[in-house]
Each structure stands twice: as C-alpha cells, then as structure tokens.
Amino acid sequence: MTLDTSNAQLWATHVSPRQLRLRPDFAFDPEFYLENYQDLAKAGVDPETHYQTTGRTEGRLGTTYHKLRAAVSDLDSRLATLVTNPALRAAQEANQPGICELIFELILLGDPVDRKISHFSERFYLDRYTDLRNVGMSPFLHYIQHGMKEKRVSLRALREHQYPGHRPYDPDKPTLLIALHEFSKTGAPIVGLELAREAAETHNVVVAALRGGPLLEQLRDHAACVIITDNPNLDFDYFDNPILRHIQMAVLNSVECFLFAPLLVRLGIPWASYIHEYTDYTRPAYKCIFMALYSDLIVYSSEQVRRSWQDLLRDVSFDTASDSVVLPQAPFEMAGLKPAQLKKARKALSALIGTEVDGRRVVVGAGHVQWRKGTDLFVLTAQIARAQGDDTVFVWIGDGLNHEDVSFGVWLDKHMRAAGANQPGSNLHFLPAGPYYPHVMQAADVFYLPSRLDPLPNVVFDAAKAGSHVVLFEQGSGFDDPVYTAEPTIHAVEYGNVAAACETILAIPRKKAKPGTGAATAAKPEVLSRILSSLTARLRAQTDFVAGGGAYDVPVLFTAKPEDAAARAAERDKMWTYGRRLVWLSQDSIKAEIAASDNWMHRNMRIERYAVLDATAQVPRYGVHIHAHYIDDLGGDLLYYKALHAAERIIVTTDTKRKVKQIEYISREAGVPVEALLMPNTGRDILPFLRLFSEGHAGADPDEIWCHMHLKKSLGTSATGDVWKRFLLAILLGDNTRLSDAITRITAPETGLVAPMDPYQIGWTDSRRLLPRFADRFPGPLPEHPILFPCGNMFWTRARVAARMNTLFGPDYPWPNEPLPNDGTEFHLIERLWPAVTEMEGLGSLFIEKTDQPRG
C-alpha cells in the first residue's frame, strides 16, 4: 500500500505505537470495515487485503469519515471549527489532500488524542451530557451530527474562558488559587481583587470565577492564569494550562464559591473560605453547609457574620474556636478632606443632582438598590426629615433601579414618586453608579447604612476616609461591633427604627474641612497573608486524621455513581478528620454518641440491624396510615408490599374529593381494602396522621400499633427520591415476599417508636429557631443535637405516642398554611421530636440500620 508521506507522518505523530501497529493507514479502518460489511466478517477474509484488491473498486468505504461525509455535506467545514493542532490546521488551510479525513479519524480515536488536537473531547462530552452514555453512539459522531446543532458545549467553550495572566509563572513561588463567584464591580469581587493584588507579590496566582465581568482585565494584571467556569469540578481537568496542576492552596472569597468545594476536596487541596454573607439570606442552605463541612479554615469578615452562622455550625459540630477567625477586609481609618477637596466635591454633587448642596447637610447611601440594602428605608428617612422642615439632602448612589421589577423595583418606584425623588427642590435624589462616586462620598456629612443585613460594605470604609459620620442599624451589619461602635463617628440605632436614624442624622453637625489633611495614608492591610498564615497554622495543628470512608457510602458533594466512589470517601474522611458531621462513621459511632449523651431525650434510644420476620412468627395486628397528596405510586405500593396486604386497617388520607374516589378505585383494582379520608391540605403528611387520633379515626386502644408513610413528589419523582422512598419502606415494611421485623419490634412493651436509621447525621437545622417557643413543654432542655430521628417522617409508633404529640401542640394550635418553606416549620420540628414524645410516654426509640439498601 502506498501511503501519503505527509499525512502518514501526521498520523504516526498523534497515535500510540499500539494503534499504529493495528492501523498503519488512517485512510483504512479494519474494525469499521468488518462492522459495516458483515458478509466479509462471516467469510473471515483479511479486511485490508480485501479492501485494496476488491473492496475499493466495489465502492465499499474504508473509514467512518467517508460514510458520514455522504450524509453530512458540510462535514469538512465543521471539522475546521474544531481542529487546534497547528500542523493539522496548516495542512487543512492548505487544502492538503486527505487532511480532513485524517483529522476526523484522529478525533474519532477518542481520549487523549481528540482533546490534544481539537476542541472536542469524548470524555468531557460524556461527563457533561450523561444522557448520552447509554445511547450506543460514538460521542464524536453524536456531536458532529447533532450536538453542534443542539448547541452542546465542547472544549472550545472552556478554552475561550481561559485567559493567560500578565504575570509570568515562577517555579520558585507557590501557586495559589483565588476563587470569586463573579468578576463584577461589587463588594466581594472587589475584595477578591485586593487579595489577588497582594498575593501576586509572593505567589503564582490563579484566579477562577463562576461568572465573568468587568474586573477580568484588572485581575489578569495580578494573575498567571484566569479561568471562568460554572462547573469547576467537571471542567478543571480539561483546562490545558499547566499552571493549574501546581495549585497548593486556595482561598474561596464568598460562600457563593461553594461550587469549588468538590474540586478541592477531590484534589486534596486545602483552602480557607473568606465569608462575607449572612446565613439568613444565603439560600439554599446547603451552600453554607458545604463550606462549613469542608473548609480547612473559615475566615469571617466580621463577628456579626460569624454569629449568624452559629446554629448551622453547631449542627455540623464545627469547632468555631479552632477552625475560624475574624478578619475584616480593610482597616477603619477616619480621615478628612482639604478645603479645596470638599468644595470641589460639593460643587460636583450639586451639578449632578441639579440642587445646590452648599450650606446644607448631605446624607449619602450607597449600594445596589434592593430590600437587603434598605433602599426603601433610606427613602422613608428622607421623608421624615423633610416633614420636620429640615433641609438635609439625601442622595443614594448605586445601580438596580428598575420600575418593571415586581419583586422590589415597582414598589420602590411608587415610593420614590410619592416622595418626590429626583424632582426640582426635592430633598431626595438617586444616582446610578459612576465615576463621580468619589465626589459623592466626599460631599457627604453623613453616610447612612440602612441595610437590613450587610457584612462589612466597602462603602463604609470609604466614608470614613472621607471624614463622614456613619449611621447604621444595630444587628444590621458587621459594623455593629465594639471594634467599630467605639469610634465616635459610628452611630448605631435600633434595628429598623428609621425615626431614630433620622433623629441621629439631624443631630450630626456638618463636616468641616481640615487644612493640611487628606486621605488616610496607612499601609495597605495584608489581609491575604493573614488568611494564609492562619490557614497554615490550622493545617499544622491537625495531628489526627480519619481514612477509610466509613460504613455508609452516601453522597454529599459528589454523585452516587461508581466513578465517584473515591471522591465520596475523600469527602467523608475530610469531614471526620476535622470532627464535623453530616454522615455517620459507623453504627458503633452512633451507639457511642447515644451512650455519651446525658440528655433525657436519648435515655432509651437504641439502634439495631435490620432483619426479616421469620415466616413462622405471629404477625401482630396493626394499622397503616398513608398520606397521598400525590397518588401516582399508591397502586404499585398496595400491590407490592406484603405488609400492606397483612394490615388490619389501611387509612389513606388526601386533600380532594376527586382523589378520594380515585383512591377507592385504586384500592378495588389492587384488591387491598383501604379507608379513604378527606383531610384539608394543611400540615403536609404529618397533621393528617395526628388527626387520626385527635378526631377519633383510630381505635381506642392507647397501645394500638400504626405505621405512618406518605407519597410525596420529593420522594417519588426524582431518581434519588425514589431510592430514598424504597430505603425507608424496605426497613419499615420489607418487600413483596417478606415482612420486616420492625412490625414485631414495635410491639415490645418498652418500645414506642421504630424508624429507619438514616446514614446522614441531621441536626435541628432551621427548626432550631422554634425550640425556645416550646421549651417549657418538655421535662428538660432539648439536646444540642437530636442524634437520631425519623428522617423522612416514616415510622412505626403507638397511638399514645401520637396522642402525646397532639398534646404538645394543643387542639387550637395555629398551624402554618401552604406554601411552606423547605425547612424550619413546625412540621419539620415534629419530625425531630418523635423520640422526645416517645420518651415522655416512658417508652424507647429504636432505629434500624440496613446497610445493604441504597439510601440515595
């Protein structure tokens, strides 16, 4: 066979020696030939000999390229958009004969050849689009035919968001990752810019973000490499800058950088999280949980912010003393202005708002217009001042005004119009963010921070440097701290009390220029070095380590897929090494924690392994309550579970008459009798269960045995939800041929609750906020951590335990209505209180472990 030497050389350059032996010519693929021509495969002929002697003249095709090119007319132009290798690209641009076929066949070989020569990677494509893993089609063939048209992402998207920094890589310096949630010119990213600026003096800096923005070029000035990715753990391995392989430590600058946690845990890179956000407005809560579980150190910008994390940290046993520090992003430096500076600033502000401010008190507020920043409270305060006949001018500077935004902008716009904002002669004006910001801040006598929650906004530091007094709400920001309130220019008033804020503002004298003074000249704070030094000290202090992954292989950061098994073990080991908890280590660790507790609620709590009921054992009488807000799975459950066939009574509650009729029909079709009851849609699944006992639907025997289960979309519609439902019901009921011995364990005279032992170690979470309301209804204080409870709210219990729960709340309790938050309601609290009311009845709680049943 005569080979094209230039193409043959390119082929040999990129394939492995083994591939070259099996296929010396890119223009003929023996595997393709036999797969596509089954007559030859059956005949046992040599494919290459047949193709050269007979097949070519018969019109048979030798490669996938030629087969596809017949169906995709612009195949060559599509390939042109993918190739990155300089030699291949030059040959393609020169229209070298056979080059497109060569490129196609190289990419088709897959990893690692494809990503080395092109923007396509089969591994990346399947990682990104898991729906394609089982379609039985080559990832590259799918992409070139369908993925391009469907706008599916290739490596091009990653590589276009990888930017070389302006600082050269220095192998003698350590490499540090600084992660930001975005490159906007707002609070946390500005802090991130300062961290990068400082780090560049001592480190090779890699800056990464989930989203881009206008700070990109400034960050490149201090970095060796900048990347933007919305999925760091998936994308990181496919960025091709070698600097990324040298990262030794990281700083995640914001709780919103939680998506970097899986990457760093998987790679074993230690990091400090620099947290500026309150937990109150950081949702979903798992962002904070991930940071608390896996950060080697948490650095809070203020004590107020750390205090807001307190309950969450308690739930995961985070050691605040050893594993966190408080470090403001800047020093509070009170300075002043020269006369010429102040005059210039006031003149500029007067021109901006069209109102003369000379001789009048100026109050400035700043930040993105929103509820959290208290922009509406700023307007109210201006109205109060005007009503008192005061001529103080209120000016807000910041973006976000939008009269079409129904969540806030519509209502603020109405308020502003009613207050006469931006009108001639008005005392209230709004300015968008702009280059005049320094003049606005310098013109202010008072900076007013009406924020409802704000960590340490940089604008307050700017106000201090401009010589302005600051008025703020108690408990509303990190500046409500003795470190700052000891300053005579910081004035804290009652939270949300705009009248008190106005009174304080109007009592502050106008700012006077100070000849010979100017902006503060203190040395720039070495925030980054203090973060890294605290992180290094924490790492050195750790002497005990946990390894092995524990007894329960359940996911937290990673998926439950087999390929993530090592990463899941790593995440659990790191959590336990620092003594934190979200997954139990083993059954022995649970027993040890129960034994160590001196709380009354844990006095008779125990754990045992799952077992099936012996076929010869006597089955007790019992009832089952099923709450079926969604009835999709009811028929299947009635048919499948043997325990439902053996039940003396099954009561199914639902919320509409139509569903009642459907349930009765499902019952008849399944051949399993049920009583369908109409209940109001209040209290999720648990109030309908409790009403069985308060409204006389259950029997009169206080020791009557009941199983409570429910059908919810959250349990039954998603893949993980369905796995969790099967986990719970397998432990409680058994399966289609066997009964769980939970059915007989609940009959033991000392037992009042039997529930699945969940491998996740869940605390009070947002239900903790309700505990003080009910504290006097228990025989003693509730524990710091519940240890175990019926997670998922399915269990076996006795009638008198359910009656005790009813007594705890009383017959006239004002239950909250739908829609409900995801956590922190009375119904979430009840889930955690079943062991408590069981103990109050003088009975014990039993939790059953079943390690061979996937939890999901």
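These legends describe close-up views of a predicted model.

**View A. Strand β9 is buried on both faces.**
Strand β9 covers residues 362-366, and five of the five are buried, so the strand is largely enclosed by the rest of the structure. On one side lie V362, V364 and A366. On the other lie V363 and G365. These residues are all buried.

**View B. Strand β9 pairs with β10 and with β12.**
Strand β10 spans residues 393-397 and pairs with β9 in the parallel sense. Five bridges join β9 and β10. A366 stands opposite I397 of β10. Helix α23, residues 375-387, belongs to the unit too: β9, α23 and β10 form a right-handed β-α-β unit. Strand β12, residues 446-449, also pairs with β9 in the parallel sense, over two bridges. Here V364 has F447 of β12 as its bridge partner.

**View C. Helix α18 is mostly covered.**
This helix runs over residues 286-294, and seven of its nine residues are buried. They are K287, C288, F290, M291, A292, L293 and Y294. Which elements do the buried residues of α18 pack against? Three are strands: β5 (247-253), β6 (271-275) and β7 (297-300). The others are helices α17 (261-267), α20 (310-315) and α30 (565-577).

**View D. Helices α14 and α29 cross at an angle of about 80°.**
Helix α14 covers residues 187-199, and helix α29 covers residues 527-541. Their axes are 8 Å apart. The angle lies between 65 and 115 degrees, so α14 is roughly perpendicular to α29. From α14, the contact uses L195, E198 and A199. From α29, it uses V527, L528, S529 and I531.

**View E. Eight strands form an open sheet with mixed pairing.**
The strand order is β15-β22-β20-β21-β19-β16-β17-β18. Which strands stand at the edges? They are β15 (605-609) and β18 (675-678). Each has a single partner strand, so one side of each is left without a neighbour in the sheet. The twist averages 25° from one strand to the next. Within the sheet, β19 (residues 705-711) and β21 (residues 795-798) run antiparallel and are joined by four bridges. I705 stands opposite R798 of β21.

**View G. The largest nonpolar core has 106 residues.**
W309, F689 and W834 have the most contacts inside this core. Helix α41, residues 826-840, supplies the largest share of the core, eight residues. What does F689 contact, leaving aside its neighbours within four places in sequence? The contacts of F689 are H625, W706, H708, F795, T797, A802 and W834. A second, separate core has 43 residues, including I626, A628, I663 and I731.

Notes:
Residues numbered from 1 in each chain as written. Predicted model: local features only at pLDDT ≥ 70, side-chain atom pairs only at ≥ 80, totals over all residues. Heavy atoms only, no water. Buried < 20%, exposed > 50% of the residue type's maximum accessible area, 1.4 Å probe, protein only. Pairing = 2+ DSSP bridges. Right-handed = clockwise from strand over helix to strand, strands pointing away. Core = buried A, V, L, I, M, F, W, Y, C linked by side-chain atoms within 4.5 Å. Contact = heavy atoms within 4.5 Å. Axes fitted to C-alpha atoms, helices over the stretch in contact; angles between N-to-C directions. Parallel < 35°, antiparallel > 145°, perpendicular 65-115°, else oblique.
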